[in-house]
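Work each one yourself before you read the solution.

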Amino acid sequence: MSALGVYLMDSRRMQNNIQEYDVDAEANCEIPFPFEFIIKQTPVSSQTSNGKSKERWKCVVGKHAKERISELRELYFYDDRPLMATIYYFPPDSMDGDVDNIVKPILDGMKKVIYEDDNYIERVVVQKFEPESTWSLSSPSSILEGVVSMDKPVVYIKIDDDQSWRINQ
C-alpha cells in the first residue's frame, strides 16, 4: 500500500502551521458532502457596524465547522469543486433585519475550513423560520429534524456538492 502526503492546517492552534501526515492512499480524506452543522446562537449581520462582533461570529462559524469535520474525518482536504450552501435561521422571536444579511459572515467563516474561498459557492438558499409562521420541511435530514425541537436561536448550515440544479452539468 502506498502512502500519500497530505498537508493540513493545524486547527488545534488556529494558526497557519503546516504539518505533513502520512495517509494511506486509499483513505478517504474528502469532506463528506452534504456537510451539515448547527450553531446555537443568533447570527451577526453583515450590516453591523461592530467589526469585532462580525469577526467573532466568523470565528464561531469556523470553529463549529471544524468541530463537525473532526467528528467525520481525522484528516481532510478541500478541493475546488462548485458547492451550494443552505442556511436556515430559527430565531426565538420575529427577526430584526433582513435574512440575506446573515449569509456573507457565515460563508466567510467557513473559508479555509470547508473551501479555499467562498467563490466556490455557486448557489445559496437562505430562509428564516420565525416561531409565529407556519412552515414544514420536506425530507429533512436527522440533523435538521433535530433543530426543529431545539431551543432557539439556531442556525442550520449545509454545504453540498450536488449540482443537480444545473441545467448543463
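Residue classes come up below: Ala, Val, Leu, Ile, Met, Phe, Trp, Tyr, Cys and Pro count as nonpolar, Asp, Glu, Lys and Arg as charged, and the others, Gly among them, as polar. This is a predicted model, in which local features need pLDDT of at least 70, side-chain atom pairs count only at pLDDT 80 or more, and totals for chains, interfaces and linings use all residues. Residues are numbered from 1 along each chain as its sequence is written, and side-chain values use heavy atoms, with hydrogens and water left out.

**Exercise 1.** Find which residues line the largest cavity, and sort them by class.

*Solution.* Start with the terms. On a 1 Å grid over the protein atoms alone, a cavity is a set of points where a 1.4 Å probe fits but cannot get out; a pocket is an open set with protein on both sides within 12 Å along at least five of seven lines; lining residues have an atom within 4 Å of a point. Grid points are joined across faces, edges and corners, and a volume is the space filled by probe spheres set on the points.

Next, count: the structure holds 1 cavity of 30 Å³ or more. The volume of the largest cavity is about 50 Å³. Its lining is made by Ile-31, Phe-33, Phe-77, Tyr-78, Asp-79, Arg-81, Leu-83 and Ile-114. Sorted by class, that lining has 6 nonpolar, no polar and 2 charged residues.

**Exercise 2.** Work out the strand order of the open sheet and how S4 pairs with S5 and with S6.

*Solution.* Helices (H or I, at least four residues) and strands (E, at least two) are DSSP runs, numbered from the N terminus. Two strands pair if DSSP finds at least two bridges between them.

The sheet has 4 strands in the order S3-S6-S4-S5, with mixed pairing. Its edge strands are S3 (35-39) and S5, each of which pairs on one side only.

Now take S4 (residues 83-90). With S5 (residues 121-128), S4 pairs in the parallel sense over 7 bridges, and Leu-83 has Ile-121 as its bridge partner in S5. With S6 (residues 154-160), S4 pairs in the antiparallel sense, also over 7 bridges; there Thr-86 is partnered by Lys-158.
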